[in-house]
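I opened my notebook to look up how this chain is put together. I wanted the annotated region and then the sheet.

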Amino acid sequence: MMWLMDHIFKYTNFGIVSLIHGDFFIRQGRAHRDQQLVLLKEHLEKYYRSRNRKWIVLFPEGGFLRKRRETSQAFAKKNNLPFLKHVTLPRLGATQVILKTLVAPQENGTPAGRDAVLKESKSKGLQWVIDTTIAYPKGDPIDIQTWILGYRQPTVTHVHYRIFPVKDVPAEPEALTHWLYQRFIEKEDLLTHFYETGAFPPLQGQTKAISREMTLSNLWLVGIQSLAFLSGGMWYCIFQYFYHCLF
């Protein structure tokens, strides 16, 4: 699995792990947009196929909700698009690069051209788009500080999945933009229903949403938290070492 994340995470205690793993750190902002998309395409060509990756994780919103909501709503108003409160309108660039680079062109439902070779290989390119919508009790997510210090009561996080065959996702920019916008408008409806009723809406023909409970192991959480503290201490020692060497 390959992750795309904000470049600020490169400087966290797991940044070095992500670099070694071959994840991609993307810089936000209009000034960097075109260059970052070129770098992303090169990165996918160099690391995704060569390491036989099967999945890629992308956040089309392009940032944290609290930071992007206002600008997204202003853009929606200017372009006569729906006003969204629980999500932001997605950005097209990275999604389009990923689909162009990692999805084999189709002819009559089968891979075409040079990508036909992928049919017989271990990696056939992306086959599915899994759309994930996350809901938090009262819309209040647990932040990193809370997670590490543990001063908030345990909470349940709800995750709603929808799966789309990648062949059903349009490739042309205008059609892809419309398709992405529709998914996020649907997310808005899902989250509105959740925050009004405490549950996601049921599927057609069902009276209530069917869910599966997943409980995290306390031992697993202690292990992860211990690693976080140890790696944080390691980076602090490295910083102190270079600081004294330089100054």
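**Notebook: domain and sheet**

I started with residues 149–220 of this predicted model. I found 40% helix and 11% strand over that stretch. Its end C-alpha atoms lie 16 Å apart. I checked the record: UniProt lists residues 149–220 as "domain: Acyltransferase C-terminal", in an unreviewed entry.

Next entry: the sheet. In what order do the 3 strands stand? I read S2-S1-S3. The sheet is open, and the pairing is parallel.

Which strands stand at the edges? I noted strand S2 (24–26) and strand S3 (56–57). Each has a single partner strand, so one side of each is left without a neighbour in the sheet. I reminded myself that strands of a sheet pair through backbone hydrogen bonds, either parallel or antiparallel.

Then I took the pairs in turn. I found Met5 opposite Phe25 in S2.

How many bridges join S1 to S3? I counted 2, and these strands run parallel. Here Trp3 stands opposite Val57 in S3.

I followed the chain from S1 to S2 next. The path goes through helix H1, residues 15–21. I wrote down this β-α-β crossover as right-handed.

Last entry: what lies across the strands? Helix H2 does, with residues 33–48. I saw H2 lying across S1, S2 and S3. The helix runs at about 175° to S2.

Definitions and conventions: Residues are numbered from 1 along each chain as its sequence is written. This is a predicted model: local features need pLDDT of at least 70, side-chain atom pairs count only at pLDDT 80 or more; totals for chains, interfaces and linings use all residues. Side-chain values use heavy atoms; hydrogens and water are left out. UniProt positions are given in the numbering used here, feature names are shortened, and annotations may be inferred rather than shown by experiment. Helices (H or I, at least four residues) and strands (E, at least two) are DSSP runs, numbered from the N terminus. Two strands pair if DSSP finds at least two bridges between them. Contact means heavy atoms within 4.5 Å. Axes are lines fitted to C-alpha atoms, for helices over the stretch in contact, and angles run from 0 to 180 degrees between N-to-C directions. A crossover is right-handed if, with the strands pointing away from the viewer, the path from the first strand over the helix to the second runs clockwise.
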